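Hi,

Here is the structure I said I would pass along. Have a look at it first, and my notes follow below.

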Amino acid sequence: MTAPTVVARLAGLAAETRASGLPEGLRNDVARRVLDLLGNSLAATEEVSASAVTAVVRGWGGPEDATAIGTGLRVPAAAAALVNGTLAHSLDFDDTHLPSVLHPSSPVVPAALAVAEATGASGASLLDGAGVGIEVAVRLGMGGYDAALGNSEFFERGQHATSICGAVGAAVAAATVGGLDADGIAHAAGIAASMGSGLLEANRTGGTVKRVHCGWAAHAGVVAADLARHGLTGPPTVIEGRFGFLHAFCGERADVDAVVDRIGEHWELPGIFFKPYPCNHFTHAGIDAALEIRSRGVRPEDIESIELGAPTAVLRTIGEPAEEKARPRSGYHAAFSGPYTVAAALTGGGGLGVFHEDFTDEAAADPVRLALAARVRCVPDARCDEIFPHQFPAVLRVVTTGGARHEVRVDANRGGPANPLSSAELAEKFRLNAVRVLDDETARAVADAGLALPEAPDVRALMAGVRG
């Protein structure tokens, strides 16, 4: 008997999950991720990425099947996925899986939500489909993770694994929520494997296109599931084949076995990190360390020098080019700067430590912050290299003008399994995000509805609350 292909095994997991439900506790975990995504999306509605995709979607027209968050619009499901996936990733506030370094909820959940709203699926069905789609996305990401290299091969090649793997996860989620059988789910995944893309050059030298990556992946997932429903097919060896997904993107470093390792027995889903700060996850441990030093009474005006130690691979994103990171050209680029985020934590801070007000264009041009960021030297740290990428660690060393020395090492990121956000903190993050668009009463009602998704008859009331 021929062994099942990789995509057949992934589709089998999805079909089994739809029939039996996610393992104990995971529906609640996914409900928290849906709520987190809705808050992140509401907070992003004033971004240029939001206005751009909303303008495009308005021009498309079509049936009013699903909600485009914060826009007041109901649009076709694929169009809603485009808007909502873009919003979800626009502020870099979305959850992160390690060591694949994917933001899996942003491409997957919008696709699942759009199909669930369009078809009237129950909250439980939404959560099961989104959960298995997230699992597929991160497993594909692990197929591109090289343990010897200590980094993602996608990332090494300048590819955005979140949108590439996320398109396939989104297709699995959309097909699962939409009722396709195992063969149909496999075809949807196989079709979406030709659709995912994304380059990371904007992280280095500018541009806002990265904000749309997850929206396009979510859109591709919904379209792929619809195409499969109407008879289009994908190759059976789309993942492991000579010209398949992993070899095409990652070459000889691809690890096909990692994709299906302990599939159905071990779930990566509950270990995915929530973000307390709206910036690149590589900066978070430095922020944690800076907040600790600030709590000791160290004042910005008394600081002579700062050294930020981080994993070598991380410095390419948050420390290079050094002149760009010391003087980020916008609030968005500040979110990818180690020097700026340390300066923001030492001087400002809102929300759970630093918040959206720290990443406006005005904040990024603040001379006090820029003067402090100019004193930050980013260096590789051996212990951080040992821990990365299972955590995004950092060490911060501050010398004051009086000669005092402070060192804080953060090995476990806040928001992950080893240092989790409480339910109260996660709810507060949602509320602070949501009140940018909703009144406080509505924000609290949406939070309650989001956490109650496992028992909800459908998602339409929840999505009506975030339509704006």
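Let me start with Thr-283. Leaving out residues up to four places away in sequence, Thr-283 touches Ile-318, Ala-335, Phe-336, Ser-337, Gly-338 and Thr-341. Keep in mind that this is a predicted model. Thr-283 sits in the loop that runs between helix H13 (256–260) and helix H14 (284–295). Is Thr-283 buried or exposed? Its relative accessibility is 2%, and the cut-off for buried is under 20%, so Thr-283 counts as buried.

Trp-60 is another one to look at. You'll find Trp-60 in helix H3, which covers residues 48–60. Its relative accessibility is 46%, so Trp-60 counts as partly exposed. Together with Val-56 and Trp-216, Trp-60 makes a nonpolar surface patch of about 320 Å².

Now for the chain as a whole. The chain has 24 helices and 8 strands. Its radius of gyration is 21 Å, close to the 23 Å that the globule rule gives for 468 residues, so the chain is as compact as a globular protein of that length. The C-alpha trace spans about 70 × 50 × 40 Å along its principal axes.

As for burial, 62% of the 468 residues count as buried. The accessible surface of the chain is about 16800 Å², and carbon and sulfur atoms account for 51% of that. On contacts, take the pairs of residues at least 6 apart in sequence: 78% of those contacts join residues at least 24 apart.

Cheers

Technical notes:
Residues are numbered from 1 along each chain as its sequence is written. This is a predicted model: local features need pLDDT of at least 70, side-chain atom pairs count only at pLDDT 80 or more; totals for chains, interfaces and linings use all residues. Side-chain values use heavy atoms; hydrogens and water are left out. Patches are made of residues with over 30% relative accessible area and no salt bridge: like charges are joined within 9 Å, nonpolar side chains (Val, Leu, Ile, Met, Phe, Trp, Tyr) within 5 Å. Accessible areas come from the Shrake-Rupley method with a 1.4 Å probe; for residues, only the protein chains shown count as cover. A salt bridge is a side-chain nitrogen of Lys or Arg within 4 Å of a carboxyl oxygen of Asp or Glu. Helices (H or I, at least four residues) and strands (E, at least two) are DSSP runs, numbered from the N terminus. Buried means under 20% relative accessible area, exposed over 50%, partly exposed in between (1.4 Å probe, protein chains only). The radius of gyration is taken over C-alpha atoms; the globule rule is 2.2 Å times the number of residues to the power 0.38. Contact means heavy atoms within 4.5 Å.
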